[in-house]
Amino acid sequence: MIHQRISWVQILCATLFLNPIFAEWNTRDYIRREHSLTKPYQGSGMSLPYWDFLGSTIVTSNYVRLTPDLQSKAGALWNTVPCNTRNWELQVQFKVHGRGKELFGDGFAIWYVKERMESGPVFGSKDYFNGLAIILDTYSNHNGAHNHQHPYISAMVNNGTLHYDHDRDGTHTQLSGCEAKFRNFNHDSHISIVYRDDTLIVSTDLEGKNAWKECLKVENVLLPTGYYFGASATTGDLSDNHDIISIKMFELDLLESQKKDEDRSHIIPSAASFEAPRERIEDAKPAMSGIKTFLWMMFVAIVIIVLVVLGIMWYQKRQEQSRKRLY
């Protein structure tokens, strides 16, 4: 039995050594329980330790559902403890699924912001927010040209003065983004948000391979401490189930050159690569299709014919009245 136990340990060590990606994906130090949510969810009734929720959110034994696959729903899940960690990683296990095959929406967002528990139009949370939003958008509004398909993941940093433009799917204010088909998988999806040394890195594991694939990387991003983690989702005319399975927050090491006692609580959220919102130009009205043009021309022709017939009838009646007066 001793030899068998040693052999299993050797196999495990060899596996981790030969497959560093697997080890890196699974191994993180300094998990912060007060910012994490894992199964089994411990709480009584509809309460969760360290977490609040609002709107249509429900808690089950397997997931926290922000919205059901129904129209006009919005829900959110918010951490009750502010994050005072300088460098951190947030890993979110989630699932977005529904009955829609071609049309579905709208998506959800992961937040690190100053304002918590405030409903609003940005995927169920507040517009003009302060902090960071990672937006997982499943529906393209098709108002303006896009260089990408949906679903789409993007990052936005806001200092409280910027408006998230749904008609442009946030393209005027995003830092960066990537296409990510994370909907209607049989397995769960994962996203990693790393904020370390003023660099934001967002990665995904959508294929269940236990390996991160980088989605975006933005340097010189300034975020203060003392903000709150959260997740929110919304549906409109289109809908989906938006489920959060787990949230894990890890505290990362600081660089030796940085001071651990640095006060970052008063930093204004910003990014060096941020572009000011461009002027919002309304889209040109699309030209009518051939069928619409034909129907419109037919309607105009019928109106003209009716007017001509009425004119002729009026003229004939007038002529007849003139003849009667002569007799």
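## Close-up views of a predicted fold

View A. In strand β15, His242 is the bridge partner of Val96. Strands here are DSSP runs of E with at least two residues, helices are runs of H or I with at least four residues, and both are numbered from the N terminus. Two strands count as paired if DSSP finds at least two bridges between them. This is a predicted model, in which local features need pLDDT of at least 70 and side-chain atom pairs count only at pLDDT 80 or more, while totals for chains, interfaces and linings use all residues. Residues are numbered from 1 along each chain as its sequence is written, and side-chain values use heavy atoms, leaving out hydrogens and water. β5 and β15 (residues 241–251) pair in the antiparallel sense, over 10 bridges. On β10, the residue opposite Val92 is Ile191, and β5 pairs with β10 over 7 bridges, again in the antiparallel sense. Of the 10 residues in β5 (residues 88–97), 9 are buried, so this strand is largely enclosed by the rest of the structure. Buried means under 20% relative accessible area, exposed means over 50%, and partly exposed lies in between (1.4 Å probe, protein chains only).

**View B. An open sheet of 7 strands.** Follow the order β2-β3-β15-β5-β10-β11-β12 through this antiparallel sheet. Its edges are β2 (58–59) and β12 (213–218), each with a single partner strand, so one side of each has no neighbour in the sheet. Strands β10 (residues 189–196) and β11 (residues 199–205) run antiparallel and are joined by 7 bridges. Within that pairing, Ile191 has Thr204 of β11 as its bridge partner. A handy reminder while looking at any sheet: in a regular strand, side chains alternate between its two faces.

**View C. An aromatic cluster around Tyr112 and Tyr227.** One aromatic cluster is formed by Trp88, Tyr112, Tyr195, Tyr227 and Phe229. The structure holds 10 aromatic pairs. The ring centres of Tyr112 and Tyr227 are 5.5 Å apart and their planes stand at 40°, so this pair is tilted. Tyr112 belongs to strand β6 (residues 107–113) and Tyr227 to the loop between β13 (221–222) and β14 (228–234), so the pair ties together parts that are 115 residues apart in sequence. Rings of Phe, Tyr and Trp (its six-membered ring) pair if their centres lie within 6.5 Å, with planes under 30 degrees apart called stacked, over 60 edge-to-face and the rest tilted. Are these two tyrosines, Tyr112 and Tyr227, buried or exposed? Both Tyr112 and Tyr227 are buried.

**View D. Arginines over aromatic rings.** Arg183 lies over the face of Phe104, 3.7 Å from the ring centre. The charged end of Arg116 sits over the ring of Tyr228, at 5.5 Å from its centre. For a charge to sit over a ring, NZ of Lys or CZ of Arg must be within 6 Å of the ring centre and within 35 degrees of the ring normal.

**View E. The disulfide of Cys178 and Cys215.** These two cysteines are joined with an S to S distance of 2.0 Å, where a disulfide is a pair of cysteine sulfur atoms within 2.5 Å. Cys178 in strand β9 (residues 176–179) and Cys215 in strand β12 are 37 residues apart, so the pair links distant parts of the chain. The torsion about their S-S bond is about -110°, so the disulfide is left-handed. Cys178 is buried at 15% relative accessibility, and Cys215 is buried at 12%.

**View F. Backbone details in the loops.** Most residues other than glycine have a negative phi, and most peptide bonds are trans. Lys39 and Pro40 are joined by a cis peptide bond with omega of about -5°; Pro40 is in the loop between α2 (20–26) and β1 (51–55). Another cis peptide bond links Gly105 and Asp106, with omega of about 0°, and Asp106 is found in the loop between β5 and β6. Asp169, although not a glycine, has a positive phi of about 50°. Asp169 sits in the loop between β8 (152–159) and β9 and is buried, at 5% relative accessible area. Asp198 also has a positive phi, near 65°; this residue lies in the loop between β10 and β11 and is buried, at 17%.
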